[in-house]
Amino acid sequence: MKKMNLILVASIATTLFVVSCKKEKETVTETVYVDNTPPPGPATLYTRLGGINAITAVVDKFISNCATNSFIGPRFSATAADNYRLQFFRYNLIDQVCAGSGGPCQYKGKTMLQAHTGMNITAPEFDTLVNQLVKAMNFYNVPAQEQGDLAAILLPMKTDIVGH
Amino acid sequence: MKKSSLLKFIKITGVVTGLAFLSIMIWANWEPKGYTQIYVSDSQFITFDISELKSGDQTINIEKEISSIDGVSSCSYNSLKKFVGVIFYTSQMTSTQLQDKIKGQLGVKVTETEIPQVKTGCPVGGVRYFIMHVKHVLNFRS
């Protein structure tokens, strides 16, 4: 009987010890987890632009601006007029902006140099193209900060696009 | 004898066609569609002559009015040549329906115009884009 009581007390003590240890461990784990969590950083450009729908709206406006422009329109009209070429051109542009701004897309098209070799694009044509992008962003009231950030991603491509 | 030869021919042709179709389907569905291809609907670009429009109308107003039509993704107006280029979602309307809606919105005659084709267009098209299109249409993965 005495032995049984001893076993019972030992069992209760062990259970209490385990439970208390578990609680303590959980608390510690929780604290460590909180301590290791990085502080929330600034939102990506993709998020600030408004995600895939906002990027699609700007890209579509950019394409229609370019295709109707008297100076650079002829460069785009054949692509715009052909349905399946338009889709891939559009997807490539959206992917490029989305991936470049930190979004979940992946650009699978040609490099800028490969895509524009043989087209002999001039600097004024490129500048007009940039103006069409700015017009598209202004149309949808994209803030100046985001316009600048996007330009910083796209403008370095000029060397691969012009004069090839 | 003749009948059995014909049956054999049909059988072989059927197997070869089936295998070819299966191969194309496997190739097209090997990779899932891209994020953009899943979330962005297909669209079409079309141009309309709106030369009957008064010259005082502001470009931005015309673009905003047409862009506000359900199913229109974007609209740009060339005020010199008096035409609009519109990108619209093909799943939501046809080009004729779009033409009627623009006519209703602007209250002038709207005529579809041909888009001039230039060889050095961007990007340079060809067989590659046709193959990519086939792959896109047959890809049922998401």
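Helices α3 (residues 51-68) and α4 (residues 73-81) of chain A have axes that come within 6 Å and cross at roughly 120°. That angle makes α3(A) oblique to α4(A), oblique being what is left after under 35 degrees (roughly parallel), over 145 (roughly antiparallel) and 65 to 115 (roughly perpendicular). This is a predicted model, where local features need pLDDT of at least 70, side-chain atom pairs count only at pLDDT 80 or more, and totals for chains, interfaces and linings use all residues. Residues are numbered from 1 along each chain as its sequence is written, while chains are lettered from A and ligands numbered from 1 in the order in which they are written.

**α3 meets α4**
- On the α3(A) side you'll find A:Ile63, A:Cys66, A:Ala67 and A:Thr68, and they meet A:Gly73, A:Phe76, A:Ser77 and A:Ala80 of α4(A) (contact means C-beta atoms, placed from the backbone, within 7 Å).
- Sorted by class, this contact of α3(A) with α4(A) has five nonpolar, three polar and no charged residues.

**α3 meets α7**
- The axes of α3(A) and helix α7 (residues 123-139) of chain A come within 8 Å, crossing at roughly 135°, so α3(A) is oblique to α7(A) too.
- From α3(A), the contact uses residues including A:Val58 and A:Phe62, and from α7(A), residues including A:Leu129 and A:Leu133.
- Eight nonpolar, two polar and two charged residues make up the contact of α3(A) with α7(A).

**Chain B touches chain A**
- Chain B puts 33 residues into the contact, and chain A puts in 38.
- On chain B's side, β2(B) gives the most, with five residues.
- That side of chain B has 17 nonpolar, 14 polar and two charged residues.

Notes. Axes fitted to C-alpha atoms, helices over the stretch in contact; angles between N-to-C directions. Helix = DSSP H or I, 4+ residues; strand = E, 2+ residues; numbered from the N terminus. Contact = placed C-beta atoms within 7 Å. Nonpolar A, V, L, I, M, F, W, Y, C, P; charged D, E, K, R; others polar.
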